[in-house]
Structure formats: C-alpha cells, structure tokens
Amino acid sequence: MNQRRSASRCAELFDILDEVKDPEIPVLSIWDLGILQDVDLENETVRVVITPTYSGCPAMQQITQDIEAALREAGFTSVEIKQQLIPAWTTDWLDADARKRLREFGIAGPGKTACPQCGSTDVTQISEFGSTSCKSLMRCNACQEPFDQFKRF
Amino acid sequence: MTEANSDIAEYSLRLGDDALILAQRLCEWCADAPLLEEDIAIANVGLDYIGRARMFLQYAGELTGSSEDELAYLRDSAEFRNLLMVELPRGDFAFSMVRQYLLDEYESLFFAGLKQSKDANLAGIAEKTLKEVHYHLRRSREWMRRLALGTEESHRRSQDAIDELWGYVAEFFESDEVEERLVGLGIAVERRDLEQAWRASVGELAAKTGLMVPDDDLRQTGGRSGVHTEHLGHLLAEMQFVQRSYPGLKW
C-alpha cells in the first residue's frame with residue numbers, strides 16, 4: 001500500500017486526503033485505515049478509489065462527502081469516487097503508528113488485546129459486537145474499565 | 001442487453017433481495033432483543049445485510065438501468081426474488097436465531113462458491129460478504145448451543161423453530177434455467193452441490209445439542225419466481241411506505 005503512495009505522481013492529493021478522518025475515530029485518516037486505496041488526477045478530474053471497511057458501514061457516506069469537500073476546498077471541483085471491493089478490506093493494513101494512536105484514543109488495536117487504560121492483558125470479551133461494526137466490547141479485569149477493541153478482520 | 005447480462009442482473013437481484021428482506025426482519029429486533037449486547041449484535045448483523053443488499057442491487061441496477069432505491073422501494077411482492085425463509089415473521093428469539101443459523105451455514109458454503117465466479121463484480125461482493133458470514137456463523141452457532149442446551153423451554157422453542165423452518169430449506173438448493181445457464185458460464189454457484197455439506201454441518205450441530213432434524217415432507221418453494229407467502233406484502237408495506245407516499249423523496 002505504501003508503495004502505491006510513495007510511487008504516486010499525486011503526492012499532493014494524498015496529503016490533502018490525510019485531512020479526511022473516520023467520523024467515528026477522528027485520530028485515524030482514511031489512509032491510515034486503508035479505506036483510501038488510490039488517487040489520481042486525469043484532465044483536471046480527481047479520481048479517488050476507496051474500499052468499504054464493513055459492507056454496511058454507515059460512515060462510508062460521510063467519508064465520501066468529506067473527500068469531496070476536502071478536494072473542493074483545495075481547488076479541485078471535478079471529483080469522481082469509485083468504490084472497489086477487491087482486495088477486501090482487512091485490519092492487517094493498520095500500521096504500528098495507527099495502532100498506537102488508536103490505543104491513545106482509548107480503543108485497543110486488532111490482534112492481541114491489552115487494556116488501553118492500564119495495559120493489562122487480563123481482559124474479558126463482553127460481546128463480539130460493539131457500538132460499531134468494526135469494534136468489540138471488552139472489559140479489563142485489572143482496572144475494571146470497559147473498552148472497545150478494533151476487531152481483527 | 002445480452003442474455004448473459006440479463007441473467008446476471010436477475011441473479012444479482014435475487015441475492016440482493018435475500019439480504020434486503022432478512023435485514024428488515026433482523027432490524028425489527030432493534031431495541032427489542034432479550035439483552036442489550038444482543039440488541040447491538042443483531043442490529044450489527046442487520047447492517048451487514050443492508051450493505052450486502054446495496055452492493056447486489058446496485059449491480060443489478062447498473063445492468064438494467066434502475067437505481068438501488070427503485071429496486072428496493074418500488075417493486076411489489078410478486079417482483080421480489082428472495083428465498084421464502086427470509087420473509088417469515090421474526091417469531092420469538094429462538095425462531096430468529098435458528099433461521100439465522102440455517103442461513104449462515106448455507107451462506108458460508110454459497111459465498112465461498114461465488115467467490116470463484118467468473119463475474120468480477122459478483123466475486124468481489126462474495127469475497128467481502130464471506131468475511132462477514134464467518135463471524136455471523138460463529139455467533140449463531142454459539143446461540144444454537146446456548147438455546148438447545150439451555151433450559152427445557154429454550155430447547156423446546158429451538159426445536160419448534162427448526163420444525164417450522166425445515167419446510168423452507170429445499171429452496172436453498174433448488175435451481176432454475178437462469179441459474180443453470182450462469183452455472184454453465186462459471187458465473188453462478190451450483191446450489192445443488194451444497195446440500196450434502198450443509199446437511200452434514202447442521203446434522204452435526206443437531207446431534208451435539210439434542211435437536212431432532214425434521215423429515216423432508218414439506219418442500220415449500222417459489223420465492224425465486226415471485227410466489228411468496230402472505231408475510232412479504234406486510235413487510236413491504238412497512239419498508240416501502242415512505243417512498244410510496246412521497247415518491248422520489250431523498251435522504
């Protein structure tokens with residue numbers, strides 16, 4: 001993924017879209033999450049390729065509008081957004097830095113679970129299904145705090 | 001439109017309708033599930049189905065020149081192509097959960113097959129869907145054990161549900177000319193081939209939980225050709241009324 005960005009002739013467009021965050025998790029951009037797959041400029045039209053996290057994620061609508069708004073503000077009025085399904089989105093695309101910001105925001109990252117408050121690994125899953133499709137509901141047995149975990153997907 | 005494209009549109013419509021109608025039934029539990037965590041879980045699963053419905057209906061609409069909203073809100077019951085099982089009223093919690101389990105076992109086989117489709121759009125939707133089906137199945141299997149091995153009442157209700165639902169299982173594995181042609185092109189899944197594996201999985205869980213697998217006397221089918229139970233019309237009345245009363249209304 002990173003290669004697609006570093007090799008892109010549209011680095012500036014990627015930078016603009018770094019301003020578009022997930023509406024539920026404002027510490028992560030759509031690039032951090034792997035929602036933003038590619039962006040290109042062709043005859044003054046910006047073509048953006050995104051992939052949904054979960055098929056029913058209601059944030060996708062908001063994200064689409066936010067992409068258009070960010071590009072418009074930067075002077076690009078012609079924007080085409082295409083949704084792509086392959087490769088299917090996976091939490092494996094979250095890098096170490098994104099996981100760290102997620103933890104600081106109070107959400108445990110996917111994979112091995114540690115309480116984002118006290119760091120204990122003595123945790124219990126309350127429910128695999130949490131406040132949004134992408135999160136499970138957990139509880140820390142050490143500090144007793146409930147917390148969200150980004151599901152491994 | 002070529003015959004192949006018209007068949008693909010019909011196929012995508014069928015799969016979209018399965019997801020749309022079940023989503024509606026699942027979301028009827030929102031704020032009414034037996035416990036808070038389950039309320040959240042069932043609505044989450046419903047949301048996955050709505051997302052799936054949109055992907056299939058968008059694709060069907062691209063091929064036929066209609067929008068996903070027109071397909072969802074402006075067709076009448078005889079034009080819907082969903083499996084009958086998904087339109088049955090939600091019943092009690094055991095009924096909804098047994099239905100979910102029977103469907104999840106079926107979907108895990110079906111979408112694994114559709115992932116191999118030669119149609120890139122269908123294969124893409126299937127790949128996305130299959131990941132979600134896996135955790136749906138994990139949840140419904142767990143509930144099956146909990147209900148069937150729980151109290152006498154939860155066991156009885158689970159058995160009643162499986163008895164009631166069994167007559168609608170035949171339709172999972174029934175094919176027709178449209179699907180046969182698409183199977184020939186490597187686009188659709190040969191559903192008859194899924195039956196043995198499905199029966200093995202369901203039979204294994206039933207044996208472990210003391211549920212009796214019913215006889216196959218009743219084979220109620222017709223959803224794929226638009227012959228529905230009376231329940232679908234009532235569901236559509238609720239789902240479609242805003243769009244019917246205020247034509248063209250947008251969010």
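Across the interface of domain 1 and domain 2 of chain A, 2 residue pairs are in polar contact, both at pLDDT 80 or more; a polar contact is a pair of N or O atoms within 3.5 Å, of which, within protein, one must be able to donate a hydrogen and the other to accept it, residues adjacent in sequence counting only if both atoms are side-chain atoms. The model is predicted, so that local features need pLDDT of at least 70 and side-chain atom pairs count only at pLDDT 80 or more, whereas totals for chains, interfaces and linings use all residues. Side-chain values use heavy atoms, with hydrogens and water left out, and residues are numbered from 1 along each chain as its sequence is written.

Domain 1 spans 2–83 and domain 2 spans 94–150 of chain A, with bounds from an automatic or database domain assignment. The contact (heavy atoms within 4.5 Å) involves 8 residues from domain 1 and 10 residues from domain 2. Between them the domains bury about 910 Å², 72% of it on carbon and sulfur atoms; buried area is the accessible area (1.4 Å probe) lost by two parts on being put together, summed over both. The count of salt bridges between the domains is 1, the criterion being a side-chain nitrogen of Lys or Arg within 4 Å of a carboxyl oxygen of Asp or Glu. D32(A) forms a salt bridge with R101(A), in which the closest N and O atoms are 2.9 Å apart.

Terms used
Chains lettered and ligands numbered in written order.
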